[in-house]
Amino acid sequence: MKAHRLILNPYGYEIEAREGETVLQAILRSGFRVFYGCRGGGCGTCKMRLISGVVERGRCSRAVLSEEEEKQGYFLSCQAIPLSDVEIHLVAANRLEKRSGIWHYVSDSEVHHK
Ligand code: FES
């Protein structure tokens with residue numbers, strides 16, 4: 001395995017996912033904020049859509065990601081690990097933001113409000 005390139009559409013941001021890192025971890029580590037909840041595949045708030053490339057989808061509850069959605073390319077970013085360079089489509093519900101001064105990213109699992 002190796003690092004892979006992630007393109008975040010429709011914004012066109014390009015980031016890198018390290019080996020074994022989930023899409024969500026890569027986004028947070030790269031200086032962005034997105035909306036997410038449980039980080040365990042159970043709430044569906046981190047759902048994004050794959051446009052191209054391959055991800056290992058990981059654990060997910062059928063209640064939050066239907067087979068139909070999966071066929072359309074949707075995946076849970078807290079679970080999905082890129083296996084190739086990927087292009088992702090974010091929607092308004094993902095609330096992508098560049099990290100600002102009032103938020104400080106502390107570690108892989110915590111975002112603290114200063
Ligand atoms: S954050 Fe809950 S499913 Fe990803």
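**Ground rules.** I worked from a predicted model, in which local features need pLDDT of at least 70 and side-chain atom pairs count only at pLDDT 80 or more, while totals for chains, interfaces and linings use all residues. I numbered residues from 1 along each chain as its sequence is written.

**Whole chain.** Read from the N terminus, their order is β-β-α-β-β-β-α-β-β-β-β-β-β. For burial I noted that 26% of the 114 residues count as buried, a residue being buried if 20 or more other C-beta atoms lie within 10 Å of its own, exposed if 12 or fewer, and partly exposed in between, with C-beta atoms placed from the backbone. Of the contacts between residues at least 6 apart in sequence, 60% join residues at least 24 apart, a contact meaning that the two C-beta atoms, placed from the backbone, lie within 7 Å.

**The sheet.** I then traced an open sheet of five strands, ordered β2-β1-β8-β4-β6 with mixed pairing; two strands pair if DSSP finds at least two bridges between them. Its edge strands are β2 (13-17) and β6 (74-76), each of which pairs on one side only. From one strand to the next the twist averages 40 degrees, with axes taken as lines fitted to C-alpha atoms and angles running from 0 to 180 degrees between N-to-C directions.

**Strand β1 and its partners.** β1 runs antiparallel to β2 over five bridges, and Arg5 stands opposite Glu16 in β2. The hairpin of these two strands has three residues between them, and Gly12 takes a positive phi near 80 degrees there. With strand β8 (residues 86-89), β1 runs parallel over four bridges, and Ile7 stands opposite Glu87 in β8.

**Strands β4 and β6.** I recorded three bridges between β4 (residues 47-52) and β6, paired in the antiparallel sense, with Arg49 opposite Tyr74 in β6.

**Before β1.** Lys2 lies in the segment before β1, and I logged Lys2 as exposed because it has 6 C-beta neighbours inside 10 Å. The C-alpha atoms of Lys2 and Ser84 are separated by 8.8 Å, although these residues are 82 apart along the chain.
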